[in-house]
Amino acid sequence: MIGSGPAGVYTADALTRQRRVPLRVDILDRLPTPYGLVRYGVAPDHLKIKGVARTLRRVLEHPDVRFVGGVGFGTDLTRADLARSHHAVVYATGAGVDRRMGVPGEDLPGSLAATDFVNWYCGHPDNEWDRFALDTEEVAVVGAGNVALDVVRILAKTADELRHTDIPQAALEVLAASRVRTVHLLARRGPLQAKFTAPELRDLLALPGADVVVRPEQVDIDPTTVGTDRAERPELREVSRAARTNLRLLREQAERPPEGRPRRVELHFWTRPEEILGQQGQGRVSGLRVERTRMDADGRLEGTGEHTVLDVGMVLRSVGYAGVPLEGVPFDSDGRTVPHDRGRVLDAEGRVVSGDYVAGWIKRGATGVIGTNKSDAAGTVRALLEDAPKLREAVPDPVPLERVLDERGLAHSDYEGWLRIDTAEAGHAAELGRGERVKLHGWDAYRKALEEN
Ligand code: NAP
């Protein structure tokens, strides 16, 4: 297994739960810490979702599962290395990069990917710690997915509201000193097309320290016309139940007058970014020019020609994640996934690549919630088990992974190593008088924990 996020671990779980084919699973990860986006993607204040780590932990502690940390596929080990040490390889590497908006000014200082901000508040060790100074009063977050809502919520919370979470101390201190007062959320389509889900929307609307401003005219939609053929407006057709719930919550919010709370979140539907403006000379973000949008009769998004400028000093694009090609593995550069048939990797001619499988976001794209990976993994495992006799024939005598790692001179960590980091994070929380865990941040802190505890 390449990747120890939910997709990789659920796949290992499905493999080891069955009795038909006896097997053992190595779960490799570039990092010495397991759980992928459960650790480095779920927002620190989403404690219930983070609790999934307890289920994933049980899988890593299964006697037939081994966690091998600190080993990168493509950098440390190649496909050929794994082909001689394993009967099958499942790539569960997720979607490692952010998508771009494709507007001028996107590379200006102060224009950043929400995924970088997520990495920052989740304490990803590759983070650049000084990237988020939060020294501006207004910020725009572009996109209407759950990641955008996470980012907006963290920006709109006070440090006190986050102190009990596992957010790294350095990030908490920056948030405590944050000058951000207004966060604009930009959705290029309407409230019924937003990708975020009701629980996340409710979390945003429940922020005690921020007024969430929904413009009544943007949600002034008669719910009885939604999703019916009678609706003449294309944006009201083909609307999911989840979208109706969002609409209800947004309509209720639109009726609540702002209470003068210290922070403000403004939702802008039908608004798309056009250009990120830079300060003369210094080249830092000084504004975001946006255009109002609407749907044409065929349901396509079009600009209205109505432009405005938001006075923001920072723009966070939260317009989705994309998969990264894996060395020696076929890749669909349009869909940013690995082509497959029920989890079996396919080459450019559509033939099955024997022994190669995919699971999770690299298989289906960056959609769904953590639990979606369970059924996704089950599909891949079904295919793999069907192929088991052929796979055994193809590699009758696999070389132990340790030998391959030794031949390559690769230092790596194991599950015990992760437990040392885990213990260090609990100790760090106790030292700071903060909750159960505070994430260590940076590679040095990880190395120290791996060596010392
Ligand atoms: P997402 O759900 O795909 O949302 C991306 C958003 O970006 C959409 O609103 C999309 O609008 C917009 N967008 C795309 N390109 C754009 C552009 N060029 N300009 C302006 N807007 C653009 O992606 P995500 O928020 O990154 O989430 C990824 C997955 O993780 C989702 O399945 C999500 O539910 C999941 N997740 C779940 C949780 C949770 O359960 N708490 C938390 C975080 C993430 P259009 O619809 O118009 O394309």
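**View 1. Domain 1 and domain 2 of the protein.** The domain assignment gives domain 1 (6-96 + 323-411) and domain 2 (100-320). These bounds come from an automatic or database domain assignment. The contact takes 13 residues from domain 1 and 19 residues from domain 2, where contact means heavy atoms within 4.5 Å. The domain centres, taken over C-alpha atoms, are 33 Å apart. This is a predicted model, in which local features need pLDDT of at least 70, side-chain atom pairs count only at pLDDT 80 or more, and totals for chains, interfaces and linings use all residues. Residues are numbered from 1 along each chain as its sequence is written, and side-chain values use heavy atoms, with hydrogens and water left out.

**View 2. The area buried between the domains.** Domain 1 and domain 2 bury about 1200 Å² between them. Buried area is the accessible area (1.4 Å probe) that two parts lose on being put together, summed over both. Carbon and sulfur atoms give 57% of the area. In domain 1, Tyr40, Pro44 and Asp45 lose the most area to domain 2. Together they make up 47% of what that side buries.

**View 3. The shell around the ligand.** The ligand is surrounded by 22 residues, each with a heavy atom within 4 Å of it. The closest are Ala144, Arg188, Arg189, Glu200 and Gly368. Each of domain 1 and domain 2 supplies at least three residues of the shell.

View 4. A polar contact here is a pair of N or O atoms within 3.5 Å. A ligand oxygen is 2.7 Å from a side-chain N or O atom of arginine 189. For the side chain of lysine 195, the distance from a ligand oxygen to an N or O atom is 3.0 Å. A polar backbone atom of glycine 368 is 2.8 Å from an oxygen of the ligand.

Note on methods: Polar contact = N/O pair within 3.5 Å; in protein donor to acceptor, adjacent residues only side chain to side chain.
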